[in-house]
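Subject: Structure for you to look at

Hello,

Here is the structure I said I would pass on. My notes on the ligand site and on the disulfide follow below it.

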Amino acid sequence: MNKLLSALENVKQQLTVPPSGILTIAQTFQQEMIDGLTGKPSSLKMLPSYLTIPSGKETGKFLALDFGGTNVRVLLAELQGDGHFTIHAHHSRPLKDPQGKYNYISGKSTATDLFDFIARQIAEIASPDIFYPLGHTFSFPSRQTNANNAIALEWSKEIATQGVVGQDVNDLLTAALKRQGIFNVVPQVVLNDTVGTLLTAAYNDPCADIGCIVGTGHNTAYLEPSAPWTNAQMIINIESGNFAKLPSSVYDNTLDKITEKPNTQRLEKMCSGRYLGELVRLIAYDLIGSGLLAQQADARRILSKPDVLSAADVAMFIADNTPELTGIADWLKDHLQFGSSTHQDKVVLQTVASLVSLRSARLVAATFLGILRHIDPNLECCHTIGVDGSLYEKMPGYAENLSQTLQEPLQDKARLVKVLLAKDGSGIGAAVAVAITQNK
Ligand code: GLC
């Protein structure tokens with residue numbers, strides 16, 4: 001075997017999670033959930049949402065604000081009951097301008113800059129003479145004492161805007177709406193995007209009890225049968241992206257060190273779209289030492305810098321099924337100024353991309369197993385897991401890899417567990433949340 005292929009073999013070993021590893025991760029995850037719920041030290045925050053599952057009969061027209069970290073989206077959604085809804089209007093803007101004109105998520109921006117920008121996006125959809133109750137999806141760890149307040153605990157997903165952590169994000173939004181002269185839009189609920197995804201799935205599926213995002217970030221929420229704050233059913237935001245008790249490769253450790261916040265969000269940095277391209281880049285950079293890209297100096301220099309490779313590039317590498325892998329060849333030419341790649345170079349890059357994506361799907365599935373064991377130890381009931389996010393929706397083979405990983409250990413009980421795309425879950429879920437709290 002040549003040097004490059006044996007180096008690739010080593011990468012494969014580091015990234016492979018065998019069936020026994022899946023079971024161990026599931027077990028550890030379940031224990032961390034219990035520890036988090038009972039106030040013991042745990043990498044899982046287990047945050048209360050003060051929301052429970054909808055009946056499916058909720059109706060009404062609501063504004064939904066979805067602030068996830070890459071874009072701010074505003075929806076005008078109408079719930080029609082019987083699990084049906086219509087989106088009447090939709091508006092989306094990136095939080096960081098691709099042309100570099102503005103960036104509301106860097107450490108140079110303030111809470112006022114960010115929330116004023118968000119309020120202006122709301123004004124794009126809200127007519128000035130109609131009253132709108134608004135559901136605010138704030139997709140970061142936050143501490144709630146009811147469904148309408150949320151103190152931001154910390155940023156994740158490389159966001160660093162000043163003055164938000166420690167503040168109530170609905171207060172920040174309300175103040176920004178006032179500054180912008182918008183008095184007819186009133187935030188009534190604040191929720192995590194995973195909670196919204198679960199609410200969306202549950203709006204038309206009574207079996208839904210887990211909601212997950214695999215997009216820029218990764219996290220899961222579930223319906224806890226007896227939450228410690230109320231001793232009743234409540235959706236809990238696990239903040240599973242921070243799960244830390246799992247084996248990591250040297251590449252994960254290198255990546256962690258160059259992130260905004262090392263030693264946090266370890267699972268998210270192995271699974272989510274913000275980081276998958278970075279992992280492939282770091283592995284490719286390492287493989288150059290073993291002969292990838294014939295140690296071409298420009299390619300090496302470019303690959304040494306963060307963010308040259310995105311999750312969309314990883315998806316393209318995997319999807320390239322042309323005999324000559326021309327998509328990958330073009331990418332190498334356009335991004336690394338490397339016009340003379342060999343077939344082996346391209347195959348190695350495609351293999352690394354597939355390994356990183358497969359590991360992500362398997363790790364996410366392992367956490368689902370942990371949650372299922374917690375809520376239904378003998379697996380007696382049906383469970384629908386609603387998943388939203390660009391990676392789950394668009395990464396070739398991702399959804400299949402996830403379902404298959406789940407099926408192996410569940411065996412004949414696998415028929416009780418469904419994993420479904422809950423498209424726009426984080427947005428629609430905000431509308432469902434407002435409807436639930438209004439009908440109380
Ligand atoms: C990050 C956030 C979490 C969110 C997830 C998906 O992990 O901390 O709150 O749910 O991204 O957007």
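How do the residues of the shell around the ligand divide into nonpolar, polar and charged? Three are nonpolar, eight are polar and four are charged. Please keep in mind that this is a predicted model.

The ligand site

The ligand is surrounded by 15 residues. Ser156, Lys157, Asp193, Glu239 and Glu268 are the closest of them.

For Glu268, an N or O atom of the side chain is 2.4 Å from a ligand oxygen. The corresponding distance for Glu239 is 2.5 Å. Asn192 places a polar side-chain atom 2.8 Å from an oxygen atom of the ligand.

Taken alone, the ligand would expose 300 Å², and the protein buries 98% of that area. The space that the ligand takes up is the largest cavity. Two or more residues of the shell around the ligand come from α5 (193-203), and β10 (218-224) likewise gives two or more.

The disulfide

The structure has one disulfide. Its partners are Cys207 and Cys382, with their sulfur atoms 2.0 Å apart. The torsion about the S-S bond of this pair is about -80 degrees, so the disulfide is left-handed.

The two cysteines are 175 residues apart, and the pair links distant parts of the chain. Cys207 is in the loop between α5 and β9 (208-214). Cys382 is in the loop between α12 (343-375) and β12 (383-388).

Regards

Technical notes. Residues are numbered from 1 along each chain as its sequence is written. This is a predicted model: local features need pLDDT of at least 70, side-chain atom pairs count only at pLDDT 80 or more; totals for chains, interfaces and linings use all residues. Side-chain values use heavy atoms; hydrogens and water are left out. A residue is near a molecule or strand if one of its heavy atoms lies within 4 Å of it. A polar contact is a pair of N or O atoms within 3.5 Å; within protein, one must be able to donate a hydrogen and the other to accept it, and residues adjacent in sequence count only if both atoms are side-chain atoms. Accessible areas come from the Shrake-Rupley method with a 1.4 Å probe; for residues, only the protein chains shown count as cover. On a 1 Å grid over the protein atoms alone, a cavity is a set of points where a 1.4 Å probe fits but cannot get out, and a pocket is an open set with protein on both sides within 12 Å along at least five of seven lines; lining residues have an atom within 4 Å of a point. A molecule sits in a cavity or pocket if more than half of its atoms lie within 2 Å of its grid points. Helices (H or I, at least four residues) and strands (E, at least two) are DSSP runs, numbered from the N terminus. Ala, Val, Leu, Ile, Met, Phe, Trp, Tyr, Cys and Pro count as nonpolar, Asp, Glu, Lys and Arg as charged, and the others, Gly among them, as polar. A disulfide is a pair of cysteine sulfur atoms within 2.5 Å.
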